[in-house]
Amino acid sequence: MYIQWFPGHMTKALRLIEENITNIDVVGYVLDARAPFACFNPAFDKILKDLPCVFVLNKCDLADDTVTAKWISYFKSIGMDAITVSIDKHSSVNLIKSSFAAAPKKSIERLKARGVYRATRAMIVGVPNCGKSTIINTLSGKKSTLVGDKPGVTKGKQWIRLDEGLELLDTPGTLWSKFEDQNIAQNLLFIGSISDAVVDIIEGAQLLLAKLIALYPHLLAKRFKLELEALKNSPAWLLEEIAKKRGCLIKGQPDLTRAAFLTLDEFKKGKIGKITLEIPADYGK
Ligand SMILES: Nc1nc2c(ncn2[C@@H]2O[C@H](COP(=O)(O)OP(=O)(O)OP(=O)(O)O)[C@@H](O)[C@H]2O)c(=O)[nH]1
Ligand SMILES: [Mg+2]
């Protein structure tokens, strides 16, 4: 399966980010904690230049805590600020705000030196569906921007003013314009940043099962009530087995499409367990 997904609105979104960069003091770079490396967008290297950047590892409630700790150590080791947050943690709000406040913001310092005081302007960027708008709503304490469990919910830019001297710019999700490494594209599909509609869903689910067999066999076996031995079979066999066990049948035969959607959905919602698909060492990072 070859995945390529760069719809027209993403070119527009990258242009929007580039056009607004001169007004920004700090960037909140949101990464899905289940696949942080896949969430890096090489296009940002050029656009964000030397702006201070806080990496926000989001959806930590769905990720493997041990691996999340490894990612935080990795960011520290390269001198970058990174924080872990999730929708279910109230402490996330203060952590994000204080990280933006602590980032060294040359633009604000220059203004202060001239006696001018204004709010810090933070731009929130990241791949589709990583939780940018949710983070903004959590910070503002209300539904300031639209969120949804599919990629491409935010279409344009939107400024949200918070009381305490912080203004946030929500941006649409953007991706790598071309995936040299299909492993990255697959991980983005599994975490919901690439639309299911652009792939062969059965093949996609089999690829996910292959990864889970390698990385988290115990969780997979437990969720689908299988013996560990059974995971020695092929992912294709496993998907059929899932179809049978979950009653995804058409005229008594396994309905692989339904089983594939079910498998991907259970992974995305964290029902298989707290899982991270990437560890820093694998990416030479
Ligand atoms: N479990 C969990 N779900 C989250 C978290 N943050 C966001 N979500 C969910 O992830 C989905 C996507 O959230 P959005 O805030 O719309 O993501 P986005 O990055 O703004 O997406 P685009 O606008 O499409 O680029 C929603 O269903 C959220 O409820 C989190 O920390 N944990
Ligand atoms: Mg959004």
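Helix α4 spans residues 91-102, and its axis packs against that of α6 at an angle of about 95°, the two axes being 9 Å apart; axes here are lines fitted to C-alpha atoms, for helices over the stretch in contact, and angles run from 0 to 180 degrees between N-to-C directions. On the α4 side the contact is made by Ser 92, Val 93, Ile 96 and Lys 97, and on the α6 side by Ile 135, Thr 138 and Leu 139, two residues being in contact if their C-beta atoms, placed from the backbone, lie within 7 Å. By class, the residues of this contact comprise four nonpolar, two polar and one charged, where Ala, Val, Leu, Ile, Met, Phe, Trp, Tyr, Cys and Pro count as nonpolar, Asp, Glu, Lys and Arg as charged, and the others, Gly among them, as polar.

The structure is a predicted model, in which local features need a pLDDT of at least 70 and side-chain atom pairs count only at pLDDT 80 or more, while totals for chains, interfaces and linings use all residues. Residues are numbered from 1 along each chain as its sequence is written, and chains are lettered from A and ligands numbered from 1 in the order in which they are written. The pLDDT, which is the predictor's confidence in each residue on a scale from 0 to 100, averages 92 over the protein, with 99% of the residues scoring at least 70.

Helix α10 (residues 235-245) packs on α11 at an angle of about 95°, with 9 Å between the axes, which makes α10 roughly perpendicular to α11. Leu 239, Glu 240, Ile 242 and Ala 243 of α10 meet Leu 256, Arg 258, Ala 259, Ala 260 and Thr 263 of α11 in this contact, whose residues divide into six nonpolar, one polar and two charged.

Ligand 1 is surrounded by 23 residues, the closest of which are Gly 131, Ser 133, Thr 134, Thr 154 and Gly 173; a residue is taken as near if its C-beta atom, placed from the backbone, lies within 6 Å of the molecule or strand in question. The element that gives the most to this shell is helix α6 (residues 132-140), with three residues.

Helix α7 (residues 182-190) is largely enclosed by the rest of the structure, because seven of its nine residues are buried. These buried residues are Ile 184, Ala 185, Gln 186, Asn 187, Leu 188, Leu 189 and Phe 190, and what covers them includes α8 (201-215) and α11. Helix α5, by contrast, is hardly covered, as the count of buried residues among its eight residues is zero. Each of these helices is followed by a glycine with a positive phi: Gly 192 after α7, with a value near 90°, and Gly 115 after α5, with a value near 80°.

Most residues other than glycine have a negative phi. Lys 49, although not a glycine, has a positive phi of about 45°, and is found in the loop between α2 (42-48) and β2 (53-58), where it is exposed, with 8 other C-beta atoms within 10 Å. Lys 225 likewise has a positive phi, near 50°; this residue is found in the loop between α9 (217-223) and α10 and is exposed, with 10 other C-beta atoms within 10 Å.

Asp 64, in the loop between β2 and α3 (65-77), counts as buried, with 20 C-beta neighbours inside 10 Å. Leaving aside neighbours within four places in sequence, Asp 64 is in contact with Lys 274, Ile 275 and Thr 276.

Notes:
Helix = DSSP H or I, 4+ residues; strand = E, 2+ residues; numbered from the N terminus. Buried ≥ 20, exposed ≤ 12 C-beta atoms within 10 Å, placed from the backbone. Parallel < 35°, antiparallel > 145°, perpendicular 65-115°, else oblique.
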